[in-house]
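The following explanation leads through aromatic contacts, helix packing and backbone geometry in turn. Please keep the sequence and the model at hand while reading.

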Amino acid sequence: MTEGIDLTTSCGPIALRTPILAASGCFAYGQQFAAFTDLRALGGISTKGISPLPRFGNPLPRICETTGGMLNSIGLENVGVEAFLRDKLPFLRDLGVSVWVNFFGVDFETYVDCARKLGEGQGIDALEMNISCPNIKKGGIEFGTVPEVAHRLTRACVEVSRVPIIVKLSPNVSDIVAMADAVQKAGAAGVSLINTITGMAIDVRTRRPKIATTYGGLSGPAIKPIALRMVHQVARALPDLPICGMGGILSGEDALEFLMAGAHCVQIGTANFAEPGACVRVTEELRALLGTLRFPSVRAAIGSLEAHAAEPEHLVESPWSGG
């Protein structure tokens, strides 16, 4: 029997009815999927990335399929914080699911400004801070590649927001544990792992890149082993840090892998493009699989990976000890 399986979980202070959320950038603002799936059956929705001012995004083409995945360079197109709070948030608030608002800036000041304004919104459960963006005032280096920078930015945003901040980390780093450690020490309520991996694709007939910006973010099943490894590394090194796992989840079994590796919840992204009801299907598959494997609840499955006799060591030890 699967009816008695308890799907409730939490990501730090954020309570969730189920561990399955729709991922940022892959579910728009929710309304677009209302005709195709039961939004109220989700654990939550992470919105498109919101910036202080509206953005029109990158030129076309900005998305293409790859083997086992998808490349995108949308350019973080969005309506801006004021229009989001006025026109988009009321719909999400009335769904009764956990509302995570992904946000970003182009420099330190705009990140903090966006966190402050969104933190005043009613019905927002978490702000998911995307630090994979280039700092235009520092030569384009990503906020999410230097632990000290990520620490200072996270602390500044935490101080101006009244809702918890989950930091979405970039996988394009040499030491994911150091990055997670830095934002945890700065007051982050948790981390989302992982964002897309930088990649490219070429049309050999035209001898041109398949997307206008040449490089884009790779997502989908191709990145799942990398995402799973990073979730496991962070969970082992920082056991008190809540983790939302993501990267190529297509099935209930995929979701359970992330939970066993130490994630407290997961997000489904690329699958929504081909199957708008993927989140609901994966939820039911996860419920059935937990019953088959005799887990009474999602919480019982979290971190339940059986260790081998020889434990893997960190690929890189974290030397950073900022406070």
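This is a predicted model: local features need pLDDT of at least 70, side-chain atom pairs count only at pLDDT 80 or more; totals for chains, interfaces and linings use all residues.

Phe103, Tyr111 and Phe143 form one aromatic cluster. Residues are numbered from 1 along each chain as its sequence is written, and side-chain values use heavy atoms, with hydrogens and water left out.

Tyrosine 29 and phenylalanine 84 form a tilted pair, at 6.3 Å centre to centre and 45° between the planes. Because tyrosine 29 lies in the loop between strand S3 (20-22) and strand S4 (44-46) and phenylalanine 84 in helix H1 (residues 81-93), this pair ties together parts that are 55 residues apart in sequence. Helices (H or I, at least four residues) and strands (E, at least two) are DSSP runs, numbered from the N terminus. Tyrosine 29 is buried at 5% relative accessibility, and phenylalanine 84 is buried at 0%.

Helix packing comes next. Helix H3 (residues 147-160) packs on helix H4 (residues 176-185) at an angle of about 30°, with the axes 8 Å apart; axes are lines fitted to C-alpha atoms, for helices over the stretch in contact, and angles run from 0 to 180 degrees between N-to-C directions. H3 and H4 are therefore roughly parallel to each other, given that angles under 35 degrees count as roughly parallel, over 145 as roughly antiparallel, 65 to 115 as roughly perpendicular and the rest as oblique. In the contact, Pro147, Ala150, His151, Thr154 and Arg155 of H3 meet Ala178, Met179, Ala182, Val183 and Lys185 of H4, contact meaning heavy atoms within 4.5 Å.

Between helix H6 (residues 252-261) and helix H8 (residues 278-292), the axes come within 8 Å and cross at roughly 65°. H6 is therefore roughly perpendicular to H8. Gly252, Glu253, Ala255, Leu256 and Leu259 in H6 meet Val282, Glu285, Leu286, Leu289 and Leu290 in H8.

Serine 170 is located in the loop between strand S9 (165-168) and H4. At 1% relative accessibility, serine 170 is buried. Beyond its neighbours within four places in sequence, serine 170 is in contact with Ser132, Glu142, Gly144, Ile176 and Asn195.

Which backbone features remain to be noted? A cis peptide bond, with omega about -10°, joins leucine 60 and proline 61, and proline 61 is in the loop between S4 and strand S5 (63-66). The peptide bond from leucine 193 to isoleucine 194 is cis, with omega near 5°. Leucine 76, although not a glycine, has a positive phi of about 60° and is partly exposed at a relative accessible area of 29%. Arginine 207, not a glycine, has a positive phi of about 60° and is exposed, with a relative accessible area of 75%.

Notes
Rings of Phe, Tyr and Trp (its six-membered ring) pair if their centres lie within 6.5 Å; planes under 30 degrees apart count as stacked, over 60 as edge-to-face and the rest as tilted. Buried means under 20% relative accessible area, exposed over 50%, partly exposed in between (1.4 Å probe, protein chains only).
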